[in-house]
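Here is a friendly briefing to read alongside the sequence and the 3D view. Take a look at the structure, then work through the topics one by one.

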Amino acid sequence: MADVEQNVAVPDAAGNGSDAVNGTAGRFVSSPEGTALAYGSLLFMALLPIFFGALRSVGCSKSKNASDMPETITSRDAARFPIIASCTLFGLYLFFKIFSQEYINLLLSMYFFVLGILALSHTMSPFMCRVFPANLPNKQYQLLFTQGSGESKEEIVNYEFDTKDLICLGISSVVGVWYVLKKHWIANNLFGLAFALNGVELLHLNNVSTGCILLGGLFVYDVFWVFGTNVMVTVAKSFEAPIKLVFPQDLLEKGLDASNFAMLGLGDIVIPGIFIALLLRFDVSLKKNTRTYFYTSFLAYIFGLGLTIFVMHTFKHAQPALLYLVPACVGFPVLLALFKGELTEMFRIQEMICSCYGGKHSACRGVQ
């Protein structure tokens, strides 16, 4: 949903940063090698949450923990989303224009500090299960908040966790403190990747039609706010929160203290990612032991994002990535389904997934 942009100077913890406006005197000019490394790294980082988030989305609905259950996006939600996103984006733009950017970003830092710790902890949990020593005790805990007493007692929070979850939470908290104190780009990317992976895993489209509505609406949203106004670019540069992946173009010259960044908004990962994850679940529902639609859409995403970067680099202007990603991620799988004669099945994916999961998948809500 955000744009892909180059030559963004990210301030350090003290609020100092070089000018990010093209043509400013004295601005560092990246080497071709540094630029290629930055673009390639952004592309690689974008693929990680899509690939692993899609794989985790297949089985997350079987979890017994309520916090791991997916949230289903309906066609009504999809139609409203571009309007809500536009109001939110413009509201942030006005806030940055009216109020002090420093205080706004301080509040946002605290907010995303908490969210980032939870998201990174959830992301690390499956890996911790594999590396946790078998000879160490893994104690079980339960966080329970209730309201009322006796027969009128009502559960407000009921969360079960164990020692492995506490270790993940501790590691994530260290990253969170690092991010709040230093605003380092690596800490930003760790949180950003965690947000993106959780989004792809836990946000489920109920069918392909809903996906087309969502991606089509955000296609218009992205093009308008990037090409029609300076709102999105202004917010993206002012918003000091891990809602974008960044990579320094001057890494080869300045090392980890680099400050000249290319960036990619998380919306350009999560929105196509949840559609790609839907197609993976469609592959599973076909029970043909192939992942044709998943790999087709995954390669289409690589093509679309690569084209975005090429156009941006050629014309030296921020690009709405969904302008290129939406036609690629929707068009290629639909053409493949048309060629294979499975177009009807693709648009009946909700019923097929319900059949495959025995009616227990979140997409089955409302299906008779």
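**A residue to start with**

Leu325 is found in helix α11, which spans residues 322-340. Helices (H or I, at least four residues) and strands (E, at least two) are DSSP runs, numbered from the N terminus. The model is predicted, so local features need pLDDT of at least 70 and side-chain atom pairs count only at pLDDT 80 or more, while totals for chains, interfaces and linings use all residues. Residues are numbered from 1 along each chain as its sequence is written, and side-chain values use heavy atoms, with hydrogens and water left out.

**Around Leu325**

- Is Leu325 buried or exposed? Leu325 counts as buried because its relative accessibility is 1%; buried means under 20% relative accessible area, exposed over 50%, and partly exposed in between (1.4 Å probe, protein chains only).
- Leaving aside residues up to four places away in sequence, Leu325 touches Asp268, Pro272, Tyr301, Gly304 and Leu305, where contact means heavy atoms within 4.5 Å.
- Leu325 and Phe303 are 22 residues apart along the chain, and 8.1 Å separates their C-alpha atoms.

**Helix α6**

- Helix α6 covers residues 208-228, and its 21 residues should span 30 Å at 1.5 Å a residue; the end C-alpha atoms are 29 Å apart, which agrees. The expected span is 1.5 Å times one less than the number of residues.
- The buried residues of α6 are Val208, Thr210, Gly211, Leu214, Leu215, Leu218, Tyr221, Asp222, Trp225 and Val226. They cover an arc of only 150° around the axis, so they sit on the same side of α6; the arc is that of the directions from the helix axis to the C-beta atoms.
- An α-helix has 3.6 residues a turn, so residues three or four places apart point the same way.
- On the face turned away from the buried side of α6 are the exposed residues Val220 and Gly228.

**Strands β6 and β7**

- Strand β6 (residues 244-248) and β7 run antiparallel and are joined by 5 bridges; two strands pair if DSSP finds at least two bridges between them.
- Pro248 stands opposite Phe261 in β7.
- In strand β7 (residues 260-265), 6 of the 6 residues are buried.
- Asn260, Ala262 and Leu264 point one way from β7, while Phe261, Met263 and Gly265 point the other way.

**Salt bridges**

- How many salt bridges are there? The count comes to 4, with a salt bridge being a side-chain nitrogen of Lys or Arg within 4 Å of a carboxyl oxygen of Asp or Glu.
- One of them joins the side chains of Glu201 and Arg56 (3.2 Å, N to O). This pair links distant parts of the chain, with Glu201 in helix α5 (residues 185-202) and Arg56 in helix α1 (residues 32-59), 145 residues apart.
- Glu201 is buried, at 5% relative accessible area, and Arg56 also counts as buried, at 18%.
- Lys254 and Asp250 meet in a salt bridge through their side chains (3.8 Å, N to O). Lys254 is partly exposed at 42%, whereas Asp250 is buried at 0%.
- Lys288, Lys340 and Glu342 are linked in a network of salt bridges.

**Two lysines with positive phi**

- Lys287 is not a glycine, yet its phi is positive, at about 55°. Lys287 lies in the loop between α9 (267-286) and α10 (292-315).
- Lys316 has a positive phi near 55° too, and its place is in the loop between α10 and β8 (319-320).
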